[in-house]
Amino acid sequence: MAQDTLHLYSTTEAEFLFQELYGHVGRATALPSERDQNFRLVVEGGGAFVLKLYAPETDRVWLEAQDALLQELAQRDADLPLPRAVPNKKNMITDEVVDPQGKSRPIRLLSWMEGDVWSKVAQKQDLDYSQIGRLMGRMDKALKSFSHEGAKRTFLWDIAQATTHRAFLHLIEDEKIRSIVMAIVDRFEQKNAWALNKLPSQVIHNDANDYNILVDSQGQISGLIDFGDFIESYRVCDLAVACAYAMLGQRDPVGRACEVVAGYHATNPLTAAEIALVYDLAQVRLAESTCMAAQQYAANPENDYLLISQKDVRELLLRMEKINRDVVHYRFRDVCGLEACPGSRKLVQWLSANADRIGPICDPVLSADNVLVLDLSTLSVDEEGITLDAEAATSLIFSIMDDAGAEVGIGNYLEDRNVYKGDFFETVDPEERRTVHLGIDLFLPAYAPLYAPLDGKVRVHNDNTRDYDYGPVLILEHEMDEGQVFYTKYGHLSRTSLALWEDGKAFKKGELIGYVGPYPENGNWAPHVHFQLLLDLMGMENDVCGVAARSERNVWASVCPSPNLILGMQIKCEGTTVRSAKDIRSERARHLGPNLSLSYSAPLKIVRGEAQYLYSESGDSYLDMVNNVCHVGHCHPRVVKAATEQLPVLNTNTRYLHDNIVNYARELLSTFPEPLEVCFFVNSGSEANDLALRLAQNYTGCREMLVVDHAYHGNLTSLIDLSPYKFNRKGGRGRPEHVRVCPMPDGYRGPVKADDPACGSKYADLAIQELRALEQAGGKPCAFIAESLLGCGGQIVLPQGYLPKVYDAVRASGGLCIADEVQVGFGRIGEHMWGFEQQGVVPDIVTLGKPIANGHPMGAVVTTRAVADAFMTGMEYFNTFGGNPVSCAIGLEVLQVVRDERLQNNARLVGARMMQGLKSMVADHPLIGEVRGMGLFIGVELVRDHATLEPATPEAGKVVNLMKERGILLSTDGPLDNVVKIKPPICFSAEDAERFLREFDDCLALVEQEEIK
Ligand SMILES: Cc1ncc(COP(=O)(O)O)c(C=O)c1O
C-alpha cells in the first residue's frame, strides 16, 4: 500500500504541537482535508482552534500572502465573521516544523468558527441568500487596496483563466454537457474576456461555495472559511463564484442569484458593466468545475464521488440552457436598483411627450365611451382545459360588450391571469408558470382591420401555429427621434394578414398592417389583437414573451411599458400582480429607506382588517392587540362610508368655507373641559406636537422645555429633541441644551415605589428639581410636555398627584403644560375620554393623533383662546391638508362611533376584566413583575428576579412571538424592552379578553418552563 505522505500526524502529536508551540492544552480531532492536515483543538475551559499542518511543498509566498490577507481583513472590517490567525509563542503567525520524514512543513493556528455548514442548513431552512452577497461585498471592499506577490498566480479555478480549460473539454463524457461547456468557453473567449478586461481587479476570496460558509442557529452567516483559493483577479468573479454555488440545486436558481447580487451591491456597489457579466461568469465557473471534475475522473476513474458531486452542476447547466440570459441580466439590474431595461424611462418619456404623433391602431378610435375593460384575471384553467373554450369565450365576451354598448373589449396590461395552459407557459421553476399579461388585448370582430400607429418596418412576421400561441404575429420596429429603436407587437391575427408582410417592409403611420384573426387560426382564442410595446426582443423574436412569470414582472414591465402609451385610451387598463412576502421584502430593501423595521421574526403580510382582527395573505386571522390607531376597529364601515361619501364630492383646504371643519371642531371640543376651546388640524401626532411647541414658544417667548425620561413625542427634528426615547438611545445625539429630563414616575422600577402614599408628590418634586435647575442656570421654562399615561416608557399610569403638582410649579414659573394624548386619548382608558382627566388637571395644550381618524393620517391641537391668540403674530398658519373636508368627515365619524357604540364604556369594562385576569396570574407566573394600566392601555412587565428586577427581555420577545403563532398580536416596549404592551382597538370584546388571558397564561408557562428553545 502506498504510504500516505500527507497525513502523518496523529491527534496526540497535534495536541503536543499545540502545547509546545502555542502554550495551550487541548484535545484534538482530525478534520477532513485534501492536501493538508487539519485538526480541531478544543481548550479545556473554553476556546477552540484549527491547527493547520501544510504539505511540505506548500508555496511559502502564497502562505505569506494569506497571512497578510487575513490581517488586512481584520484591520479594515473587524466585524467580518472570518477566522483570525493566532501567533505562536515566538509571536509568529506561520512557523515551520520538521515532520517524521524529515521534511519541513508550515504550521499555523486559526481561531475556530462556530456554525453549521450553509449547504446542510439550506436543506432544512429557507435561508436568506442576500447574506452571502453582503458578506462577499464587504470582503471585496475591505480587500480593495490589498495586493501581494503571492496572490498573482495562474490558477485553474480563476474564472479569468477559463480558456485554459479547453484542454480538458474532450474528457467530458456526456455529449450534451460537453457542448454546453464548450459554448460557454467559446463565449467567454469571444465576448466575456474582452469585457472583463475593462473591469476592476483586486485580490478576491474566489471560493464562496456553500461548504465554506457557516450559519448560526438563527440562519445568519457566522463564518467564512478556507482562504486557500484567493487570487488577484476581477472583483466581479468573486460574486460570480458565489452566484454559481447559490444556484446549485435550487428550484428557482435565478431568484437565488438575484438575492446574492442584491446583497453584494448593497454593500459594495457594482457597475452596470459588472452586472452585465455576472451570469455569464457564473456559468464559466460551473463550466470550469465540470472540466476539473472530468480531468480528476480521468486520472482516477474509480472515484464515483466525483460524478455524484457533479450531478447538481450538470443539472444546473442544462436548466440554464432554457433561461434567457438577457432576462437574467435585467433581473440583476433591477435588484441593484438600476432601470431593468436600459432606455425604458426614455421610451416612456418620448411617447408621453409625442402623444399627438401617434395614430389609432383600429376602428373605431378608442375612447372611454366605446370600450369596456374586462376582468380576465378570473378566467381559470380546470382539469378539462380552459373553462372558456374559444367559442364559449367569444360568445361570453362579445355579449358582455353588447350589453354594455361597447364596441371594443379591453384585456388589461400587467393582469395576473390563470388562463394560460400547456408547457408553452412553464418556466424552469416547477412551481411557477407565466401568468402576467404584458400587452393590452383589444377584443374586436374577426377580420377587423389594424393600422400602424407610427411609421415603422417589419422586424418579425410569422405564423406561430402552436395551440394557444399567437397564430399570425407581426412585430414592427420604430425609431425615436434620436434613433433608438422600439417595437410594437400584434398577435392573434388572421392568416389573410400574412400576405401583407415581408422582411423589412416599411409601413407608414395609418397604413393597414393586418386583420384580427378568427379562431382557431389565431391560436384558438376569442377574436382579439394582443397589442404590446417592447424595447428589446432579447433574441426571442417571434417568441418574445407576451406573458411573463411573476418573478420576472419588474423586468418585463420595464421591457414592455404600458401599451396605453400608444393606444391613448383615457381609462385605467392595468391589472395588479400579487407579490410574495419575500418579494415585498426585497422591494422594500431596494426602494425604501433602510431604517424601517418589521415586526416579528417572521414578518406578516397582512392583506385585510376587520374590527379587532387582521388577516394574512393565507387567510390566517390575528387578534390585533397592538393597534391603538384603528381605534374603533379596522375598516369600521361607518368610517369607511364617511370617507367614501366625501371623497367623490370635494377635498380642498381650509381657505374655503366648509361645513365639515366646523361641525367636527364643535364636536371634538365638546369632549374637552373649559377653557380648552380652540383647535388646529394637522396631519399626524408629530405635527400636532410641533405646533404645540410653536404655540408655547409664542405664548411664553421662551424655548426651554421639560420632558419626562423615556418619552417619545414624534419624528420631526423638533420632537426628536424632546424625546429621550430617541436622543438617548442608538443613533441619538444626547440631550439638547434647551431640554431638561425629569425622571420617569415609575412606581415599580424608579426610586419611589407605588406603595408610597406620597409617590406622585415625590416624583413631582424630582421634576420640580429640574425646573429649579433650569431657572438657576438663568433659563425660563417654555413648557412641560408629558404623555398622560406613558407609552414608550412602558405603559405607566402616572401616580396620583403627579401632574397637579408639576403643572402648578411650571405655571408659577411662567411655563405652559402640554398633554400628549396621541397614544391614550379618545376613551381608551375607559374612565375618562382623555388621559389627563385621570390626574384632575386641565392642560394648556392637548395634542391628538393616532386614533383620531381610525388610521387616516390626521392630528389635532386643542388649546385655550389665550394661547391661540398669542399665535396671531401676523404670520399665517397654513396647513395644506390639515382640516380638509375628507379628514374632518372621518374624524367626526370616529367620535360619533365611540359615542354610539359605547366604546369608552367597553374599554372600561373589558379593560377591568383584563387587569383582574392578569393580576390573578401573578401568583402563578414568576416572570410577571407588574401588571399596570387603565382601560385598554395595559402593560405587563416581565422580570427574571423580583428582588433585582432583572428584566426578562428575551422572554418577553419569546412570549410575543409565541402569542403570534397562536393568532394574537402583541408588542414589547419600555426602556428595557421587557414590557408586553396591550392596546387593542377599543371594540376589543369580553370574549377576546378571555381568549387572550388563556393563551397568555399558557405562553408564559411555556417560556417559564423553557419548553421552547
Ligand atoms: C406619545 C406620542 N406622541 C407623538 C407621536 C407621533 O405621532 P405620529 O407618528 O403620528 O407623528 C407618537 C407616535 O408614536 C406617540 O406615541
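The residues of the shell around the ligand divide into 2 nonpolar, 7 polar and 3 charged. In this count, Ala, Val, Leu, Ile, Met, Phe, Trp, Tyr, Cys and Pro are nonpolar, Asp, Glu, Lys and Arg are charged, and the others, Gly among them, are polar. What you are looking at is a predicted model, in which local features need pLDDT of at least 70, side-chain atom pairs count only at pLDDT 80 or more, and totals for chains, interfaces and linings use all residues. Residues are numbered from 1 along each chain as its sequence is written, and side-chain values use heavy atoms, with hydrogens and water left out.

Let's stay with the ligand for a moment. Which residues are around the ligand? They are Ser684, Gly685, Ser686, Asn689, Tyr712, His713, Gly714, Glu787, Asp820, Val822, Gln823 and Lys850. To join this shell, a residue needs one of its heavy atoms within 4 Å of the molecule. Helix α19 (residues 685-700) gives the most to the shell, with 3 residues. Helices here are DSSP runs of H or I with at least four residues, strands are runs of E with at least two, and both are numbered from the N terminus.

Some of these residues make polar contacts, meaning pairs of N or O atoms within 3.5 Å; within protein, one atom must be able to donate a hydrogen and the other to accept it, and residues adjacent in sequence count only if both atoms are side-chain atoms. The side chain of aspartate 820 has an N or O atom 2.7 Å from a nitrogen atom of the ligand. Taken alone, the ligand exposes 400 Å², and the protein buries 85% of that. Such areas come from the Shrake-Rupley method with a 1.4 Å probe; for residues, only the protein chains shown count as cover.

Now step back to the whole protein. Its secondary structure comes to 28 helices and 42 strands, and its C-alpha atoms fill a box of roughly 95 × 95 × 55 Å along the principal axes. Of its 1013 residues, 55% count as buried. Buried means under 20% relative accessible area, exposed means over 50%, and partly exposed is in between (1.4 Å probe, protein chains only). The protein exposes about 44100 Å², with carbon and sulfur atoms supplying 50% of it. Among contacts (heavy atoms within 4.5 Å) between residues at least 6 apart in sequence, 74% join residues at least 24 apart.

Serine 289 sits in helix α8 (residues 272-299) and is buried, with a relative accessible area of 10%. Beyond its neighbours within four places in sequence, serine 289 is in contact with Trp157, Gln310 and Val313. Lysine 505, in the loop between β21 (485-491) and β22 (506-507), is partly exposed at 26% relative accessibility. Setting aside neighbours within four places, lysine 505 touches Gly456, Lys457, Val458 and Leu500. A polar atom of the lysine 505 side chain also lies 2.8 Å from the backbone oxygen of leucine 500.

What about the cysteines? The structure holds 0 disulfides, a disulfide being a pair of cysteine sulfur atoms within 2.5 Å.

Finally, look at the backbone. Most residues other than glycine have a negative phi, and most peptide bonds are trans. The bond from aspartate 363 to proline 364 is cis, with omega near -5°, and the bond from glutamate 674 to proline 675 is cis, with omega near 0°. Methionine 538 has a positive phi, near 50°, and is buried at 3% relative accessibility. Phenylalanine 826 has a positive phi near 70°; this residue lies in the loop between β35 (816-820) and β36 (845-848) and is buried at 1%.
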